[in-house]
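Here's a walk through the model on your screen, one chain at a time. Keep the viewer open and follow along.

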Amino acid sequence: MRRIAIYGKGGIGKSTTASNLSAAFSALGYSVLQIGCDPKADSTKNLTEGKRINSVLDAIREKGEDNITAEDVLFHSPSGVWCVEAGGPTPGIGCAGRGIITALEKLEELGAYDICKPDIILYDVLGDVVCGGFAMPIRGGYAKNVFIVTSGEMMSLYAASNIASAVRNFGKRGYASYSGVILNSRNVPDEVKTVQKALDEIGGNIVSVIPRDSAVQEAENQGKTVIEALPHSKMASCYRELAERMIKLTEDEQ
Amino acid sequence: MSKCSMINLSCPAEPSLHYVSPAHGGWGVVRIAALVPESHQLFVCPFACGRHGALGGEQNGIKDRISYLFITESDIVSGDFEQLIIDSVDELFEALPKIPKVLFIFTSCLDDLLGTDHEAILAELDRKFPHVKFRHCTMNPISLDTSYPPGVTIEMNMYGLLGRSGVKRKQINILGSNVSFDAECDLKTLLREKGWSVSHISDHDSFESFKTMSEARLNIVTAPIALKSAQQMERELGIPYIASYVNHTPKAVENFYEELSEFIEEDLVAPSKGYHIKAEEKLAWARSVIGDQPIAIDFQAIIKPFSLALTLSEHGFNVGMIASDGVPSHERAAFDVLAKKYPDILVENPLAHEAVTFPFEGEQYLCIGFDCGYMTGSDKVVNIMEDEGLYGYIGICRLMDMLVEAYTGKANVQEMIKEAGLII
């Protein structure tokens with residue numbers, strides 16, 4: 001099993017990247033579980049025909065901690081990807097980090113992994129906040145490889161630096177390792193050069209450059225990933241290549 | 001307050017303001033964890049939580065086995081929290097007269113929000129002190145409504161200390177009871193006659209001796225708090241279990257002996273007939289003494305209050321009220337029969353906000369448990385908490401004796417609550 005976390009600044013395109021990767025992995029024949037670890041609970045939206053699925057925290061709120069089942073929180077997408085959203089508290093109150101902890105613990109308790117039997121687990125995690133809760137997916141027993149999505153914009157690179165530093169701290173404990181950066185282009189001048197320069201300080205390599213392309217928006221308007229909506233497009237090929245590269249860069253652990 | 005035929009089964013009721021009487025509570029995780037011989041506890045918490053725990057430790061005679069690491073806001077926001085715990089263990093071991101065999105590191109509710117990496121802390125401590133077993137435990141009452149409340153996790157941590165043993169004895173462990181059963185308990189007597197021994201954690205005064213609990217062939221779970229721990233022992237140590245919570249119904253005890261007989265491949269039912277008859281006689285005798293005096297049963301005193309209410313009602317007692325915060329799944333069958341056959345029995349949630357108006361004050365109930373005694377102000381109160389020490393047919397006999405003693409005597413509820421160590 002490969003356990004991969006995708007981190008990055010809010011709004012940088014993590015969920016788009018993650019859901020396209022999931023669809024690509026699935027098309028390659030892998031069984032995939034994508035877990036959205038963002039209180040907005042919209043990580044898997046493009047895999048589920050644009051519809052929001054019930055999050056783990058929603059299910060706990062509705063049915064009570066002891067009454068929920070794996071079926072309440074596990075959804076199988078048309079492309080064959082298992083989808084889970086951790087969810088979060090009511091905006092403005094509560095503790096989102098604690099929400100992630102609760103959701104991940106609950107998934108284990110419900111035996112969700114035994115039901116999906118995934119070859120790949122993809123955690124899609126908000127990277128602006130690096131409290132204990134949001135760091136949970138890079139702890140022991142969770143992700144083994146961390147990829148950071150960034151653009152050439154300064155704030156995005158700043159977040160990438162923070163995340164890489166958190167991963168390295170945990171790396172000393174034998175947890176997840178930082179496996180590189182996915183450059184999600186925003187058409188910033190000299191973007192690749194800028195990111196590469198930043199990586200000279202942060203460390204790591206650019207794993208792939210995802211060009212800015214209207215195909216993404218077109219697919220999203222249909223509530224789909226590019227892989228499903230426009231399988232013959234250049235963007236679909238780009239995501240498929242990234243998926244194949246990530247398979248090579250990550251370890252298949254038993 | 002509702003008649004049992006009318007109560008809402010989704011209780012515990014909707015979240016609301018709670019009333020918690022001074023009589024509410026049980027042994028608590030600190031006292032339960034202290035059952036592990038040669039263990040010490042380090043509480044990581046804010047100052048006030050520590051003070052509360054220290055006073056509780058003093059009351060329960062275990063103060064010298066608990067230490068505290070007080071944390072401040074800056075420790076939390078700085079992220080230094082984890083290193084602080086590791087460093088404090090060094091200091092603690094320097095200060096203790098003897099390094100314990102086990103250190104339970106308890107964290108309070110605030111830790112739930114921090115996502116502390118306890119596995120990493122324990123790994124570092126294991127490396128530094130290879131002869132000490134470290135366990136992370138939680139003192140987080142906010143988890144009470146989850147599948148893993150503090151009581152359940154502490155039992156899992158305690159028995160999780162045992163390693164798989166190649167030796168297997170004709171020994172049966174008792175899990176879930178906080179005290180060992182008396183030597184004259186029918187379970188012990190009957191098993192002893194068949195060459196089996198019964199082991200309870202409190203029977204062991206050293207950690208080495210405690211470890212022999214892993215040599216048992218069977219665990220008997222006497223209370224729900226230990227069920228997950230028994231399941232864990234089955235998984236990890238290969239010890240199967242029978243879940244037979246304390247039940248004061250002679251027929252249920254007989255059923256339990258049938259199940260146990262099958263397991264040990266020895267007949268325990270025939271030799272237990274005499275005890276069965278005695279238990280029935282005791283029930284009849286207590287009924288003749290107590291007459292129609294209304295009885296109130298407290299869910300903190302009796303693990304299966306609905307089953308007891310049904311048994312007493314079937315034996316002619318006048319059960320007036322059950323004080324319980326809900327109907328747990330293992331009591332559902334008894335509750336259904338009770339609601340059909342004895343629909344007028346009241347079910348009162350002692351934690352509901354209305355309880356503070358003391359609607360039963362002045363009503364002369366014969367109370368089983370001192371929370372009911374406190375609610376009603378009755379002076380006829382059985383001094384018991386969590387069925388302590390009661391099991392099997394002798395447990396029924398003992399309970400009937402206590403019921404008659406309470407009926408004929410005069411109780412001092414305040415003193416009972418104080419003795420139970422509940423007021424801190």
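A compact globule of 254 residues would have a radius of gyration near 18 Å, and chain A agrees with its 17 Å. That radius is taken over C-alpha atoms, and the globule rule is 2.2 Å times the number of residues to the power 0.38. Along the principal axes, the C-alpha atoms of chain A fill a box of roughly 55 × 40 × 40 Å.

A quick word on what you're looking at: this is a predicted model, where local features need pLDDT of at least 70, side-chain atom pairs count only at pLDDT 80 or more, and totals for chains, interfaces and linings use all residues. Residues are numbered from 1 along each chain as its sequence is written, while chains are lettered from A and ligands numbered from 1 in the order in which they are written.

Back to chain A, which holds 10 helices and eight strands. Helices (H or I, at least four residues) and strands (E, at least two) are DSSP runs, numbered from the N terminus. Of its 254 residues, 53% count as buried, meaning that 20 or more other C-beta atoms, placed from the backbone, lie within 10 Å of the residue's own. As for contacts (C-beta atoms, placed from the backbone, within 7 Å), 74% of those in chain A with a separation of 6 or more are between residues 24 or more positions apart.

Now zoom in on strand β7 of chain A, residues 177-184. Seven of its eight residues are buried, so β7(A) is largely enclosed by the rest of the structure. Which strands does it pair with, given that pairing takes at least two DSSP bridges? One of them is β6(A) (residues 145-150), which runs parallel to β7(A) and is joined to it by six bridges; in that pairing, V149(A) has I182(A) as its bridge partner. To get from β6(A) to β7(A), the chain goes through helix α6(A) (residues 154-171) in a right-handed β-α-β crossover. Right-handed here means that, with the strands pointing away from the viewer, the path from the first strand over the helix to the second runs clockwise.

Another partner is β8(A) (residues 206-210), also parallel to β7(A), over four bridges. There, V181(A) stands opposite I206(A).

On to chain B, with its 16 helices and 14 strands. Its radius of gyration is 23 Å, close to the 22 Å that the globule rule gives for 424 residues, so chain B is as compact as a globular protein of that length. Its C-alpha box is roughly 65 × 55 × 35 Å along the principal axes, and 44% of its residues count as buried.

An automatic or database domain assignment supplies the domain bounds: in chain B, domain 1 is 6-15 + 275-420, domain 2 is 37-159 and domain 3 is 171-270. Nine residues of domain 2 of chain B touch 12 residues of domain 3 of chain B. Helix α6(B) (residues 150-159) gives the most to the domain 2 side, with five residues.

Finally, how many residues does each chain bring to the contact between A and B? Chain A brings 15 residues and chain B brings 11. The chain B side divides into three nonpolar, four polar and four charged residues. In this scheme, Ala, Val, Leu, Ile, Met, Phe, Trp, Tyr, Cys and Pro are nonpolar, Asp, Glu, Lys and Arg are charged, and the others, Gly among them, are polar.

Technical notes:
Contact = placed C-beta atoms within 7 Å. Buried ≥ 20, exposed ≤ 12 C-beta atoms within 10 Å, placed from the backbone. Pairing = 2+ DSSP bridges.
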